[in-house]
Amino acid sequence: MKKKYTTMDIASLLNMSRTTVSKALNNHPEVPEHTKRLVLETALNLGYKKFLDTKLGQLNVQISSIRRKADTKTIAFLIKSSINIFQHGFWGDVLRGVEEASRQHGYQLVFNFLTEEDLQQGRVPETITKLKPEGIVLAGITRRELAKSLVELHIPFVLIDGYLEPRQNEVLCDSVMMENEQSVYELTNHLLAHHHRRIGFIGDVNDCKSFMERWTGFKRAMFEAGLPVRQEYCLIHPSPENYFKLIEFSEKLDAMKQLPSAFVCANDLIAFQLIHYLEARGLRIPEDVSVTGFDYMRHHADMTPVQVRLATAEVNGGEIGSRAFEQLLWRGQHPERPFETVRISTRIIGGETVGFAGSNE
């Protein structure tokens with residue numbers, strides 16, 4: 001069932017007060033025009049209340065009528081419709097980073113959700129073809145079909161994350177990514193230092209370049225420790241929801257003859273789902289099983305604060321968003337230069353979910 005977004009959701013996404021959002025939606029004179037436009041566009045894209053029955057084409061036309069001025073410079077932000085930007089706090093932080101950097105440089109931001117069908121067909125939103133923005137940020141959209149369609153429009157675009165397709169070496173755009181491989185390498189070594197030897201990995205490594213790099217960091221740490229990567233402890237194959245939902249991997253965990261003493265998870269969302277599963281089986285974290293994540297998620301899907309201090313890699317989504325915008329500006333000034341991949345460093349957090357392995361290790 002489609003989520004009905006509220007003014008609180010919009011306020012959380014845009015880092016505004018609920019009062020400001022309400023005033024903007026009601027065209028209050030105290031609210032600056034650029035703030036009204038940003039709030040209204042966000043409400044339109046989310047399908048807020050009275051916009052719930054608005055078709056995507058109508059929605060884009062409304063945005064275009066709001067936006068288009070001769071002197072307006074626009075940046076577009078595209079993200080998969082399957083991503084709940086409130087549940088995945090990282091992407092909300094990224095969007096805020098792009099928006100703040102855009103505003104500081106005199107650009108306005110418009111964003112769209114793309115369906116899986118859009119991505120498969122390489123279908124560019126009407127917002128892009130009508131507005132012809134100065135640049136585009138692709139947030140976690142790793143389908144080459146869409147990238148190829150954007151190349152044909154001759155609009156600079158930057159991908160946050162990286163596309164991952166076997167036997168494809170063609171680079172189509174700049175990318176901004178967090179440091180993945182070394183971060184998970186260090187997290188795995190943190191487990192090894194606590195005497196863990198039976199360690200599993202959970203994450204759809206075919207979903208995106210970031211997850212594949214995290215898998216590589218895990219394997220490198222195990223190789224250097226002289227330990228085998230035991231496939232019976234790992235869930236890495238393609239999954240519809242990328243193991244973000246417990247139902248996707250609980251049966252696979254049930255089928256394991258023996259659980260490993262520790263799991264490395266591709267992100268915090270998977271890690272918290274795993275912890276929920278383990279505790280439901282009567283296992284203690286970290287006394288019985290240790291768990292690491294990635295991203296430093298601070299809130300659950302219902303926006304309640306995370307109580308467990310997870311061992312993880314902290315990623316600054318706001319910095320990644322602002323850096324993506326800066327890369328767009330640079331690309332506009334240097335269109336002939338080779339494409340680049342920019343890496344943003346992370347910080348390892350020891351947390352409370354890693355303990356020493358038991359004597360049966």
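A nonpolar core is a set of buried Ala, Val, Leu, Ile, Met, Phe, Trp, Tyr and Cys residues joined through side-chain atoms within 4.5 Å. Buried means under 20% relative accessible area, exposed means over 50%, and partly exposed lies in between, using a 1.4 Å probe and protein chains only. This is a predicted model: local features need pLDDT of at least 70, side-chain atom pairs count only at pLDDT 80 or more, and totals for chains, interfaces and linings use all residues. Residues are numbered from 1 along each chain as its sequence is written, and side-chain values use heavy atoms, with hydrogens and water left out.

**The whole protein**

- The protein has 13 helices and 11 strands; helices (H or I, at least four residues) and strands (E, at least two) are DSSP runs, numbered from the N terminus.
- Of its 361 residues, 53% count as buried.
- Contact means heavy atoms within 4.5 Å. Among contacts between residues at least 6 apart in sequence, 69% join residues at least 24 apart.

**The nonpolar cores**

- The largest nonpolar core holds 73 residues, and Phe77, Phe201, Phe218, Leu253 and Leu274 touch the most other members.
- Helix α12 (residues 268–280) gives this core its largest share, eight residues.
- Which residues does Phe77 contact, leaving aside its neighbours within four places in sequence? Among them are Val94, Leu95, Val98, Leu109, Phe111 and Val137.
- A second, separate core has 19 residues, including Leu114, Leu146, Ala147 and Phe157.

**The sheet of six strands**

- Two strands pair if DSSP finds at least two bridges between them.
- Six strands form an open sheet in the order β2-β1-β3-β4-β5-β10, with parallel pairing.
- β2 (107–114) and β10 (341–344) stand at the edges with a single partner strand each, so one side of each is left without a neighbour in the sheet.
- From one strand to the next, the twist averages 20°. Axes are lines fitted to C-alpha atoms, for helices over the stretch in contact, and angles run from 0 to 180 degrees between N-to-C directions.
- Strand β3 (residues 135–139) pairs with strand β4 (residues 157–160) in the parallel sense over four bridges, and Ile136 stands opposite Phe157 in β4.
- Strand β5 (residues 174–178) also pairs with β10 in the parallel sense, over four bridges; here Met178 stands opposite Ile344 in β10.
- In a regular strand the side chains alternate between the two faces of the sheet.

- Another open sheet has three strands in the order β6-β7-β8, with parallel pairing.
- Its edge strands, β6 (199–202) and β8 (290–292), each pair on one side only.
- β6 pairs with strand β7 (residues 262–265) in the parallel sense over four bridges, and the bridge partner of Ile202 in β7 is Cys265.
- Helix α9 (residues 181–193) packs on this sheet, touching β6, β7 and β8, and its direction makes about 170° with that of β7.
- Helix α12 lies across β6, β7 and β8 as well, running at about 160° to β8.

**Helices that pack together**

- Two packed helices are described by the angle between their axes and the distance between the axes.
- Helix α5 (residues 89–104) and helix α13 (residues 317–333) pack at an angle of about 40°, with axes 6 Å apart.
- α5 and α13 are therefore oblique to each other. Angles under 35 degrees count as roughly parallel, over 145 as roughly antiparallel, 65 to 115 as roughly perpendicular, and the rest as oblique.
- The residues in this contact include Val94, Gly97 and Val98 of α5 and Gly317, Gly318 and Phe325 of α13.
- Helix α11 (residues 246–254) and α12 pack at an angle of about 50°, with axes 10 Å apart, and are therefore oblique to each other.
- Their contact includes Phe249 and Leu253 of α11 and Leu274 and Tyr277 of α12.

- Where is Arg309? Arg309 lies in the loop between β8 and β9 (312–314).
- With 44% relative accessibility, Arg309 counts as partly exposed.
- Leaving aside neighbours within four places in sequence, Arg309 is in contact with Ile349, Gly351, Glu352 and Thr353.
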